[in-house]
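These are my notebook entries on one structure. I looked up contacts between side chains and then the surroundings of single elements.

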Amino acid sequence: MRWALVKVSLAVTAMVVVAFAVPLGLVIREMARDRAFAGAEREAAAVAPALSITTDRDQLERVVASAGSDAGMAVHIPASGDRGGGTDLGRQRATDEDIAAVREMGRASTTEVAGGSTLLQPVALSSGEIAVVEVYVPESEVTNGVGTAWAVLAAVGAALIVGSVAVADRLGVRMVQPAQRLVEGAHELGEGKLGARVPEEGPSELRLAAVAFNSMADQVVQLLANERELAADLSHRLRTPLTVLRLNAASLGDGPAAEQTRAAVEQLEREVDTIIRTARDAKPQTAAAGPGAGCDAAEVVRERMGFWSALAEDEGRKWRVAGADRPVRIPVARADLAAALDALLGNVFRHTAEGTAFAVDLHNGEDAVIVLVSDAGPGIPDPEAAMARGRGSGNDGSTGLGLDIVRRLAESTGGDVRIGSSVLGGTEVRIWIQLDGRAAPVRRGHRGAVRRRRHPRPGAPASRSRSLP
């Protein structure tokens, strides 16, 4: 905007200067020419009274000398009967044809000669003849002062252009700086700096924009604070039923199922405490994970499948784990990956009938890790609607937040989540976790991308499974 204003001001001022300076320069040149010829006419008029009285050569020479123009003045007296031939005083520069034409016309005329111009002034003699007074006007007198005047006009025009550009630049700065501050404030707010505000300065429109931005930022801070308080309050309300679950779990006695139930209750209490502490924290977490951060995806898969396997045995579900027998490092927190797996496996148990088989496959690539959770259930008729936060699948108990947790985990690494049909006949959820933090890969056909990685490499260890057909 700043340079646009400068360019517009430069163009407009230049056009105005040209429109006024060029005609004014031409007028000055014409005025200098008129001034020079007016002086020549005065010199010719000084000789005219003497010519009307006498035509004596000696007297005329004295008159011409007294006028001080003997070097640039000539007098041409025509021949008459009593004088014989004509008389010529001074140096003749005009041609005989021009002199004769002036004598015949009886009015003054100018003609171009070498080095300048001449004024031919006719004068009537006492004898009735017409004499011609020739006054030489050199070119230097015609252009005297024109160059200086043009230089002054050029300097004034340049000063006007420079001044207008400077004024336009200052106006541009006054308009651009508030806009730049508004852009910087928007970037800071987008990066999580909730204290970013914009000075309410500049033109009225930008001041109104700054007021609106500051008001929006205040509302965002208030909404986030309300959301944190609401999450903390809701999480705190879970403590009472958790306490009841913990007491009931303590009375279950010994056995694998009882131990798993108590471990699940303890983990749930830890998660609730984490939610409360995070919700109470007024500083949003915006920094990226540092070097070495992350977890072993294979270990997390084995741990969560160990938890869900007990429930799978109770419901008669066949299950399989593949690719989790060697370490697979990913740039994701352990708790986040565990929450995503629990959300997907919980959906399998919640939305498929008892006895439905499921599988978890872990594929380790050079630039990405793919986690596949598939089942033999009825599938998801509308995957796009299922990925929409808060919509769910439309079944009882579906809030649509589980898949949103999975999606945010994948997108935090530059990856994505795709839903398709599995080889078991039901739903397959593919989590693409980018290892180098680059942009998400080009989305290929889901089934093709999965099938190219589904077959184990030669020499890879066998998958751990529970007799899937």
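**Entry 1: a salt-bridge network**

I found Glu299, Glu303, Arg304, Arg334 and Asp342 linked in a network of salt bridges; a salt bridge is a side-chain nitrogen of Lys or Arg within 4 Å of a carboxyl oxygen of Asp or Glu. The model is predicted, and local features need pLDDT of at least 70, side-chain atom pairs count only at pLDDT 80 or more, and totals for chains, interfaces and linings use all residues. Residues are numbered from 1 along each chain as its sequence is written, and side-chain values use heavy atoms, with hydrogens and water left out.

Helices (H or I, at least four residues) and strands (E, at least two) are DSSP runs, numbered from the N terminus.

Arg304 also meets Glu303 in a salt bridge (3.9 Å, N to O). Buried means under 20% relative accessible area, exposed over 50%, and partly exposed in between (1.4 Å probe, protein chains only).

**Entry 2: aromatic rings**

I recorded one aromatic cluster, formed by Phe307, Trp308, Phe349 and Phe358. Rings of Phe, Tyr and Trp (its six-membered ring) pair if their centres lie within 6.5 Å; planes under 30 degrees apart count as stacked, over 60 as edge-to-face and the rest as tilted. The count comes to three aromatic pairs. Phe349 and Phe358 have ring centres 5.4 Å apart and planes at 65°, so they are edge-to-face. Phe358 is buried at 0% relative accessibility, and Phe349 is buried at 11%.

The charged end of Arg317 sits over the ring of Phe349, 4.6 Å from its centre. This requires NZ of Lys or CZ of Arg within 6 Å of the ring centre and within 35 degrees of the ring normal.

**Entry 3: strand 1**

How many residues of strand 1 (residues 73-77) are buried? I found five of the five buried, so the strand is largely enclosed by the rest of the structure. Met73, Val75 and Ile77 point one way, and Ala74 and His76 the other way. Strand 1 runs antiparallel to strand 5 (residues 130-138), and four bridges join them; strands pair if DSSP finds at least two bridges between them. The bridge partner of His76 in strand 5 is Val132.
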